[in-house]
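Please set out what can be said about a helix, a sheet and the cavities of the structure shown below, with the cut-offs behind each term.

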Amino acid sequence: MPVPPSLLETLRAAVADPADVRVGALDRHARAADASHFLLTPQAVVVAGDAADVAGLMRATSSLGVPLTLRSGGTSLSGQGVTDGVLVDVRARFRDLEVLDDGARVRVQPGLTLRQVNARLAPYRRRLGPDPASEGACTVGGVVANNSSGMACGTVENTYRTLESMVLVLPSGTVVDTGAPDADERLRALEPGVHEGLLRLRDRVRGNPASVATIERQFAMKNTMGYGVNAFLDFDSAAEILARLVIGSEGTLAFVAEATFRTVPVRAHVSSAFAVFGSLAEANRALPELVATGAATLELLDATSLRVGQSFADAPAQVRGLDVTTQAGLLVEYQADTAAELAELARVGDRTLAGLPLVAPAVLDPESTGRARLWKLRKGLYASVAGARPSGTTALLEDVVVPVDRLADTCESLIGLFDRYRYRDSVIFGHAKDGNVHFMLTDRFESDEQLERYHGFTEDMVDLVLGHGGSLKAEHGTGRVMAPYVRRQYGDELYDVMRETKRLLDPAGVLNPGVILDDDPRAHLRHVKLHPQVEQEVDRCVECGFCEPVCPSRDLTLTPRQRIVGRRAAESARRAGDDVLADELDEAYAYDGLDTCAADGMCQTACPVLINTGDLVKRLRKGDHGRVETKAWTGAAKHWSTVSRGGAVALTLASKAPESLVTRTTDAGRRILGDDAVPRWTPDLPRGGRRRSTGATEARRPADVDAADALYLPACVGSMFGPAGDGDGVQAALQRLCERVGLRLVVPPGVDALCCGTPWSSKGLPQGHAVMRDKVVAALTALCGNREVVVISDATSCTEGYLGLLRDSGLRVVVQDAVSFVADRVLPLLPEGTRLPSLSLHPTCSSTQLGADDALRAVAGAVADEVHVPVDWGCCAFAGDRGMLHPELTASATAAEAREVREVDAAAHASCNRTCEIGMTRATGYDYRHVIELLEEQTR
């Protein structure tokens with residue numbers, strides 16, 4: 001449905017840049033979904049530039065009575081982040097941070113993830129208090145809006161307890177800095193009605209003994225149900241009460257433009273164990289005894305969770321070896337500031353664990369690798385379980401809390417409800433130390449029978465939890481899913497206080513209506529997502545958003561989640577017979593979804609179910625190629641030596657020709673043939689490189705390979721793109737290093753015609769890829785036969801390409817990147833050279849996926865005294881030729897990292913992939929070189 005002209009005009013007038021108001025079908029549909037099981041499609045999406053934009057939008061929507069929802073990370077699970085009104089993106093441009101008081105405090109805007117904030121606090125050995133499992137994707141805005149807690153923080157270090165002050169934008173447009181010395185006086189002057197009303201509600205709550213008792217009981221536990229009315233008891237001034245009411249208000253009262261937190265110390269000494277019990281009941285009944293030992297975390301995993309965990313490639317040994325039937329596990333962890341404190345905690349913990357009815361002994365272990373695997377399993381559990389659901393179904397995650405001594409009975413009764421309402425393979429896991437568990441249901445939630453079954457289950461679950469003295473929401477927020485039950489939990493009086501709070505601050509009722517408070521008893525049954533079956537990657541996705549922070553196109557076009565949601569929207573439109581909408585979505589998707597995807601696979605590194613949206617994009621690109629283009633690229637594979645040499649010669653000629661002539665020529669070609677067909681030449685591109693066979697020792701027979709330490713396949717990107725500055729490139733540097741330590745490298749005959757296949761796979765050209773695969777396999781078979789041979793390449797993307805190309809070849813080759821080869825074989829033999837004072841290092845998407853980042857840092861550490869890996873490091877999105885086809889993608893992907901690199905101003909800059917070096921050189925203005933080149937120079 002097109003946006004009403006009056007709304008569009010009003011929104012454009014409300015913000016500094018009218019282009020930030022987006023009403024295209026793909027903009028609205030792809031950005032509609034958050035991580036919850038609800039779906040509403042906004043009338044418009046606005047990317048807010050600053051707090052003034054948000055204030056203008058609030059005033060505008062209030063005047064029109066149009067709903068407005070603030071969206072940051074979109075990892076919320078209860079429906080807080082969806083709307084059929086105006087969706088305001090407050091992530092993309094709200095990422096400023098200032099560390100205060102030597103790390104004791106931090107001032108931060110809402111668009112940064114918790115992981116990003118904690119990375120900046122790490123040098124001070126401090127972190128934020130909230131520690132949710134989604135810390136890699138959830139943002140500060142959502143953490144405040146949902147009063148996030150998490151694994152270890154409980155109710156002591158959650159958002160409410162550690163947030164010091166905030167800068168708020170009220171629906172009226174008024175800006176309030178609650179940390180200012182005169183904050184209360186300014187609130188009284190600017191918003192006298194709000195000021196007076198908050199004090200009136202404070203006195204009303206304090207004057208009602210029943211209200212006081214209910215609040216003290218409810219907020220002694222984790223509790224994100226309804227508004228944080230404990231603020232009326234905990235604080236006296238209107239400004240302080242306002243600040244705490246906004247915490248956990250889920251975007252229904254105000255916008256948090258900036259928040260200042262008191263940080264907590266990073267406890268350096270940690271020891272963990274995974275205790276497996278015969279049943280969920282046995283695990284729960286052990287909780288009081290383990291809580292008494294001072295455990296920092298006690299994470300519960302039921303049998304279904306354990307079965308899903310066994311599917312992880314790096315599943316912990318304690319989980320991998322189980323024959324799971326009814327077992328349940330507790331991830332037990334102790335944290336301390338000193339080794340002596342940890343030793344005492346571990347002594348008590350080990351003694352307690354030894355006395356419990358465990359399936360196998362559980363011993364606390366301070367080793368970090370095992371701990372990392374346990375936490376990776378736990379943090380990715382929801383998305384992993386949901387990703388394993390039947391195709392076409394929707395996952396619904398609930399979260400409840402009861403007193404710890406009632407948790408065993410509660411879980412037992414929940415299992416009974418699962419059986420009664422026929423929810424098979426339901427899962428229970430969570431923060432058992434706090435009596436807080438999550439459980440998941442999967443269904444279509446489509447027919448009247450399915451919805452009534454869900455409604456009946458919910459009614460019984462509510463009675464169960466409240467009957468045990470618990471709260472219906474512990475940390476995921478009330479959202480839409482529990483809004484109809486707030487009155488039942490708190491009673492009429494406190495519910496009316498909450499209603500008055502909402503009316504006081506948002507009299508027009510436009511901020512996130514239907515969230516937290518809803519008098520419709522069936523509100524939680526409306527707007528439930530229905531997932532059509534599309535492609536395998538799409539069908540497995542639960543839209544958790546974990547992929548978004550690592551996506552290079554996240555600030556330019558779409559993220560992996562949005563690409564998937566866009567595919568679902570187009571398929572739903574087709575099934576509904578709306579071909580006009582489907583065609584509009586497809587047309588926009590060509591650029592936003594396909595052309596500007598780097599297809600770097602970084603999304604897979606963050607996805608709990610290992611979805612690589614790049615693979616989906618590559619297959620979709622396949623359908624975009626005509627017969628002429630397919631034939632041309634297949635021919636290029638057959639004659640790659642000539643083609644790659646021609647590219648190198650063209651770059652060399654371009655570097656010598658008048659700049660304006662070359663630029664005009666490529667720009668004209670792009671206008672005629674399309675931006676995705678002709679690379680754009682810019683003067684920052686290097687000259688062409690030299691042939692890979694130049695200076696290389698060729699292996700003419702198998703015996704030559706037997707006598708060598710590795711078979712070397714120099715990357716063709718080093719042949720097409722010459723080295724930076726006056727160097728002679730990574731190939732020459734690697735060969736000299738190996739000669740220096742007595743290692744022998746050989747190349748196959750005709751190496752100039754060989755390639756890893758990435759240019760064809762990334763463009764979705766399977767015929768050309770098959771031609772190149774056959775050429776490479778034939779060349780290596782002739783030399784290697786049935787021998788086990790180490791094959792190395794000097795560009796991480798090419799190493800990754802060869803791994804895929806040779807996976808099913810039958811050859812016994814071990815593919816290794818040159819950086820790993822140097823770290824393993826060269827560094828131990830290499831005399832120490834002179835060191836640079838500092839080096840700024842750019843890992844690549846491929847080095848991350850290859851597991852080569854530790855080797856990369858090791859080589860860099862041999863080059864410079866100080867190695868700086870930017871906190872804001874990410875894929876540069878140059879992606880072969882993508883950075884020349886769509887330079888705007890690389891510019892967007894590298895913007896944050898480039899700012900940090902310029903601030904550091906290191907003595908040298910390095911990476912491990914030639915095109916990434918070009919992309920980072922373009923972004924920063926510094927010459928990036930292969931780290932092996934620098935190592936060779938510093939050890940001459």
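What covers the buried residues of α33 includes β18 (710-712), β19 (745-746), β20 (789-793), α37 (818-826), β25 (928-930) and α43 (931-938), where contact means heavy atoms within 4.5 Å. This is a predicted model, in which local features need pLDDT of at least 70 and side-chain atom pairs count only at pLDDT 80 or more, while totals for chains, interfaces and linings use all residues. Residues are numbered from 1 along each chain as its sequence is written, and side-chain values use heavy atoms, with hydrogens and water left out. Helices (H or I, at least four residues) and strands (E, at least two) are DSSP runs, numbered from the N terminus.

Helix α33 is mostly covered, with 10 of its 13 residues buried, that is, under 20% relative accessible area with a 1.4 Å probe and protein chains only; among them are G729, V730, L734, L737, C738 and V741. At 1.5 Å a residue, the 13 residues of α33 (residues 729-741) should span 18 Å, and the end C-alpha atoms are 19 Å apart, which agrees; the expected span is 1.5 Å times one less than the number of residues. Just after α33, G742 takes a positive phi of about 85°.

An open sheet of 5 strands runs in the order β5-β6-β10-β8-β9 with antiparallel pairing, two strands being paired if DSSP finds at least two bridges between them. Its edge strands, β5 (97-100) and β9 (175-177), each pair on one side only, and the twist averages 15° from one strand to the next. Strand β8 (residues 163-169) pairs with β9 in the antiparallel sense over 3 bridges, and the bridge partner of V167 in β9 is D177.

| Helix | Strands | Angle |
|---|---|---|
| α3 (residues 51-64) | lies across β8 and β10 (255-262) | about 135° to β10 |
| α4 (residues 114-121) | touches β5 and β6 (105-108) | about 40° with β5 |

## Cavities

A search of the whole structure finds 7 cavities of 30 Å³ or more, a cavity being a set of points on a 1 Å grid over the protein atoms alone where a 1.4 Å probe fits but cannot get out. Of the 47 residues that line the largest cavity, the closest to its centre are T75, S76, C138, G142 and N146, lining residues having an atom within 4 Å of a point. The largest share of this lining, 5 residues, comes from α5.

Technical notes:
Buried means under 20% relative accessible area, exposed over 50%, partly exposed in between (1.4 Å probe, protein chains only). Axes are lines fitted to C-alpha atoms, for helices over the stretch in contact, and angles run from 0 to 180 degrees between N-to-C directions. On a 1 Å grid over the protein atoms alone, a cavity is a set of points where a 1.4 Å probe fits but cannot get out, and a pocket is an open set with protein on both sides within 12 Å along at least five of seven lines; lining residues have an atom within 4 Å of a point. Grid points are joined across faces, edges and corners, and a volume is the space filled by probe spheres set on the points.
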